[in-house]
Amino acid sequence: MNLNLEDKIVFITGGSHGIGRAIGVELAREGCKIAFCARGMKRIEETCSKINEINNSANFGIVADVFDVDKLKHAIDSTIQKWGKISLLRKFIKSMMPYL
């Protein structure tokens, strides 16, 4: 499927497992650069490895709990610093985030 998303920068919360990871992998197949945050480094490393198999060096994972506003802001700022912008934001977590 071609969604014309090549080179779009996607930031995903909860991107290291479940639906968030699946969406990240599929968007990488579409040519997107994937940035994501999650709470555990092991899952981040596994997800980065998986995405690298599809779209080498087009991903960025950072440890951040979305309920810690400062860490979430740091993750978003780091993504913008790396790639200059964020084209799409997807949030995949079990609870609501009122500030995003």
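Q: Which residues touch the most other members of the largest nonpolar core, and what makes a set of residues a nonpolar core?
A: Among its 13 residues, Val10, Leu27, Cys32, Ile34, Phe36 and Ile51 touch the most other members. The term stands for buried Ala, Val, Leu, Ile, Met, Phe, Trp, Tyr and Cys residues joined through side-chain atoms within 4.5 Å. This is a predicted model, in which local features need pLDDT of at least 70 and side-chain atom pairs pLDDT 80 or more, while totals for chains, interfaces and linings use all residues. Residues are numbered from 1 along each chain as its sequence is written, and side-chain values use heavy atoms, leaving out hydrogens and water.

Q: Why does Thr47 count as buried?
A: Buried means under 20% relative accessible area (exposed is over 50%, partly exposed in between, with a 1.4 Å probe and protein chains only); Thr47 has 0% relative accessibility and therefore counts as buried. Thr47 is found in helix H2 and, leaving aside residues up to four places away in sequence, touches Gly15, Ser16, Arg21 and Phe36, where contact means heavy atoms within 4.5 Å.

Q: Why is H1 called roughly parallel to H2?
A: Helices are DSSP runs of H or I with at least four residues, numbered from the N terminus. H1 (residues 18–29) and H2 (residues 41–54) pack at about 25 degrees, their axes 9 Å apart. Angles under 35 degrees count as roughly parallel, over 145 as roughly antiparallel, 65 to 115 as roughly perpendicular and the rest as oblique, so H1 is roughly parallel to H2.

Key. Axes fitted to C-alpha atoms, helices over the stretch in contact; angles between N-to-C directions. Helix = DSSP H or I, 4+ residues; strand = E, 2+ residues; numbered from the N terminus.
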